[in-house]
Structure formats: C-alpha cells, structure tokens
Amino acid sequence: MNKFTRNLIEQRIQEVKEKGSKPERKDILQTFIDSIDEKTGSKMNIKEIVSENMALIFAGTDTASNTMSWTLFLLMVYPEVYKKVVQEIRSTFPDQGQSIKYNEARTKLSYLEAVIYESMRYIPAVPSGLGRKVPKGNGIGLQGYKIPSGADVYIFIHGIHRNPKYWDKPDKFIPERFMGEGAADRKRNVFTFSTGYRICPGRNLAWAEIFLTLSNLLRDYDFELPEESQFGPNVIDPETGDPQIMPGFLGLTLGPKYIKRDGWAIVKPADLSSYSTTNNGSVSNAVEKASSRADKV
Ligand code: HEM
C-alpha cells in the first residue's frame, strides 16, 4: 500500500514536470503536493505526502462504508422506519432517470437525515474514537483522576450516545428524535466524528457520500434480508425486546463480525411506477413484505 501510494505520487509529480501544467481539476493529491507551510515556507516531503494520503484512505473508507452497512441493516430489521424513509425518497424524487444530488437530498429528505443521525448515534463507526497518549512526565489530572504518562486515553463515543442523562430511551432506534423541537440540540450531541481540534476533517465529505449513496440506493432498489438470515424484524433480542443486532467486530472501525454469515441482502430493482403515476405514498412489494414480517412478531 505504501509503495503503491508512493508510486502514484511520484508519477503525478513527474507528469506535472513533463507537461509543465497541473491537472485541470485540482484534486486532494495535487493540493498536498502544492501545499506550503505558512510558518516555514517549506513543502511536504514525499514521505509526508504518502502518509497523509494513506491516512485519508484508511480514515475515509471503512468508516463511511460501515456506517452505510449498519444503516441498511437497521432499515431491514426496522421495517416501519424503512417504509417511511423509502416513501419520503421515492415520492420526493420519483424520476429514476435523474440521480439524486446531494444538496437537494440534504434539504428535502429530512427523514433520511434523521435516520442517518440515529444510525450514527446507535452504532457509531468509530465507537471509541482515536486514542491519545498521555505525554512523558508526571501524567495528567482529569476530573479528579490521575492518569499516568504513557497511558492511552479514548473517548467512549458509543457510551456517550447511550447515556440516559442525555438521551431519552437511549437503547432504542428512533430516528424521529432527530426531527422537530430540540432536534438541533440532539444533533450536536452526536459525537460520531469526535469533537474539538482533532474532529474528523472528512465529516462533510462523509455526509455527502452517505447521503448520496443511500438516497439513490434506497430509491432505485429494494433491500431485504434473506429468509435464512439469523436476523430480521421478528428476531427479537430477549434482553431489549427489540430486533437483534448482528454482532460487530472492532478493528479501528466497527464492522459486522461475521460478514460471510451476516453480510447478505436480497437487492432488487425497485418498481416506482405507482409513485410516479399516483404519488400516493404506496410502497413496493419488498417494503410491504418486510413490514408484514414485522407484523407477525
Ligand atoms: C462516517 C464516516 C466517518 C466517521 C464516523 C469518522 C470518524 C472519525 C473519528 C472519530 C476520528 C477521530 C477524531 C479524533 O481524533 O478525535 C476521525 C479522524 C479522521 N478522519 Fe474521519 N470519519 C469518517 C469519514 C472520514 C472521511 C470520508 C475522511 C476523508 C476522506 C476522513 C478523514 C479523517 C482523518 C484524516 C482523520 C484524522 C484527523 C487527525 O488525526 O487530526 N474521515 N474520523
């Protein structure tokens, strides 16, 4: 990976040198190559550019893709939410000939936004943030506790998101909490991207990716868990009384633990004819089927 990234960067530097001009559309790589430290006036060396690029690739792929996978999973086990979000998307953007654009989606699909917020709260992709090391010396004092030098300190993002002091019914998946009165405050209490100086710099890009991908996917395709899946709207966790959530595996990000066993969905092209002709909010077969599975609970 290191070598591959380094080769790409060297190739770009060489191309620009030979052509004598930079690419028409300035991309992130060219921005790194051209950037100048305001204080020292120096440019990044190749090792630094490689390292920044790798950080972007690692930080920006699994995080966003896991967030989307968990969201789709949650929709498949909460069919009422699925039905509502699909209705919103398909009745707002019934023309499948036009892909849904981010700005339009973000302003018009308020329920989808609420679903994404709730999914990020319920199952944050980086549940314990990135660690910090207490520097050499005497350690630090934090809220009356002494933390020794060398210790790794993490923010427990998942725990913040399930704290009953700040969340009503924290263990329930309820996208509606991010709509209406008080929603703006609750959105500020979602720490999926961490907070402070080192807050995720890719958060706006992540929102754009997730919004664009989910809005278009959910409009154009129907999703359903296979019959043989160990999960579903009617597979209830006896401890919570809610649909069981597939087990996760925490590397740097949290993804499904048994991807080969649990990572399946039946995906079919959606039939939107009823939407574009009647636009009366009727739903497609797969969504109805998922709801009826839930009704049997
Ligand atoms: C849903 C998707 C994402 C989530 C949940 C997420 C979450 C996070 C979190 C929790 C951190 C740690 C912040 C801290 O140290 O306090 C972080 C850092 C970072 N993220 Fe994201 N991220 C996402 C998407 C992205 C994307 C799309 C990019 C860029 C392509 C990106 C680039 C980075 C980088 C470079 C850092 C390290 C920043 C630093 O060390 O100062 N992330 N992210």
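This is a predicted model: local features need pLDDT of at least 70, side-chain atom pairs count only at pLDDT 80 or more; totals for chains, interfaces and linings use all residues.

Modeller: Let us begin with glutamine 143, which is exposed, as 5 other C-beta atoms lie within 10 Å. Residues are numbered from 1 along each chain as its sequence is written.

Colleague: Where is glutamine 143 found?

Modeller: Glutamine 143 is in the loop between strand 2 (140-142) and strand 3 (145-147). Helices (H or I, at least four residues) and strands (E, at least two) are DSSP runs, numbered from the N terminus. Glutamine 143 has a positive phi of about 50°, although it is not a glycine.

Colleague: Which value does phi of serine 194 take, and is serine 194 buried or partly exposed?

Modeller: Phi of serine 194 is near 70°, again a positive value in a residue other than glycine. Serine 194 is partly exposed, with 16 other C-beta atoms within 10 Å. Its place is the loop between helix 8 (183-188) and helix 9.

Colleague: Which residues are closest to the ligand?

Modeller: The closest are Ala59, Gly60, Ser194, Cys200 and Gly202, among 21 residues that surround the ligand. A residue is counted as near a molecule if its C-beta atom, placed from the backbone, lies within 6 Å of it. Helix 3 and helix 9 are the elements that give two or more residues to this shell, and helix 3 gives the most, with 7 residues.

Colleague: How does one describe the packing of two helices?

Modeller: Two packed helices are described by the angle between their axes and the distance between the axes. Here, helix 1 (residues 2-19) and helix 3 (residues 46-77) pack at an angle of about 115°, with their axes 10 Å apart. Axes are lines fitted to C-alpha atoms, for helices over the stretch in contact, and angles run from 0 to 180 degrees between N-to-C directions.

Colleague: Which residues of helix 1 meet helix 3?

Modeller: Asn2, Thr5, Arg6 and Ile9 in helix 1 meet Ile46, Ile49, Val50, Asn53 and Met54 in helix 3. Two residues are in contact if their C-beta atoms, placed from the backbone, lie within 7 Å. Valine 50 touches Asn2, Thr5, Arg6 and Ile9, not counting residues up to four places away in sequence. Valine 50 is buried, with 22 other C-beta atoms within 10 Å. The C-alpha atoms of valine 50 and isoleucine 9 are separated by 7.5 Å, although the two residues are 41 residues apart along the chain.

Colleague: How many helices and strands does the protein have?

Modeller: The protein has 12 helices and 8 strands. Buried residues make up 26% of its 297 residues.

Key:
A residue is buried if 20 or more other C-beta atoms lie within 10 Å of its own, exposed if 12 or fewer, and partly exposed in between; C-beta atoms are placed from the backbone.
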